[in-house]
Amino acid sequence: IVCLGLPLSQYKTYKDQLRNYILRNRIQNIEFNGQSKKIIIEDVYVFSEGLAFYYTLNNEIKNMIENKDIVILDIGGRTTDVCLLSCINNKRKVEKYATYSIGILNIYNDIVKAINEKYGVDLKLEQGKKIYNEGFYYNGIKQDLSFIKPILKNIVDELFKEININFNLKTSIPLLAGGGGIILESYFKKRCPHAILINEPIFGNAM
């Protein structure tokens with residue numbers, strides 16, 4: 001059995017198409033650990049990404065949000081999926097959703113660009129994540145990268161500007177998810193002190 005995820009903006013349109021495509025190719029010959037194997041896919045389940053995070057919330061967060069409206073912000077590599085879940089008669093309902101072309105790759109790209117300009121180097125985008133996590137060394141010396149803080153703030157400002165057109169984060173509980181949720185948590189909380197980083201921000205969808 002295969003479980004897959006689709007962004008909410010694609011879920012209704014493509015879920016059946018994706019499921020049927022995989023089932024049409026359900027018998028496959030693969031190589032695993034040097035051995036040839038045949039796999040047969042018996043069934044396919046397609047879930048909506050972002051929304052799936054709600055089902056892995058721990059009791060602590062569930063108690064905090066109670067029956068309040070929540071907005072799940074799944075900040076991924078290239079996009080941010082946003083979903084408003086209202087609560088009516090103790091049941092959750094998807095009120096609206098949107099996908100924005102802003103993700104953590106924007107952050108890494110801007111960090112690399114700023115370092116290249118400041119130090120006259122030629123770093124690539126794929127080095128941005130390592131620099132963010134481990135720092136940047138120049139002539140064997142770890143450099144002060146405090147100048148990249150405005151970059152993160154600018155990304156959050158841009159994202160907030162887009163989100164606030166369709167969602168009211170002040171009257172709901174923002175739940176941060178995805179790798180970008182971890183990176184941008186402190187910046188979000190400066191704007192929305194009531195924002196919550198969920199307990200499984202990376203693997204919640206998979207779980």
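Start by selecting N106, I107, D110, I111 and A114 in helix α3, then I151, L152 and I155 in helix α5: these two groups meet, where contact means heavy atoms within 4.5 Å. You are viewing a predicted model, in which local features need pLDDT of at least 70, side-chain atom pairs count only at pLDDT 80 or more, and totals for chains, interfaces and linings use all residues. Residues are numbered from 1 along each chain as its sequence is written, and side-chain values use heavy atoms, with hydrogens and water left out.

Next, show the whole of α3 (residues 104-119) and α5 (residues 149-166), which pack at about 145° with axes 10 Å apart. Axes here are lines fitted to C-alpha atoms over the stretch in contact, and angles run from 0 to 180 degrees between N-to-C directions. Helices are DSSP runs of H or I with at least four residues, and strands are E runs of at least two.

Now look for the largest nonpolar core, with 37 residues. Such a core is a set of buried Ala, Val, Leu, Ile, Met, Phe, Trp, Tyr and Cys residues joined through side-chain atoms within 4.5 Å; buried means under 20% relative accessible area with a 1.4 Å probe, protein chains only. Select I107, I115, I163, F167, L184 and F188, which have the most contacts inside this core. Helix α3 gives the largest share, eight residues.

Stop at I163: which residues does I163 touch, not counting residues up to four places away in sequence? They are L73, V82, Y100 and L169.

Finally, zoom out to find seven helices and eleven strands.

Methods: Buried < 20%, exposed > 50% of the residue type's maximum accessible area, 1.4 Å probe, protein only.
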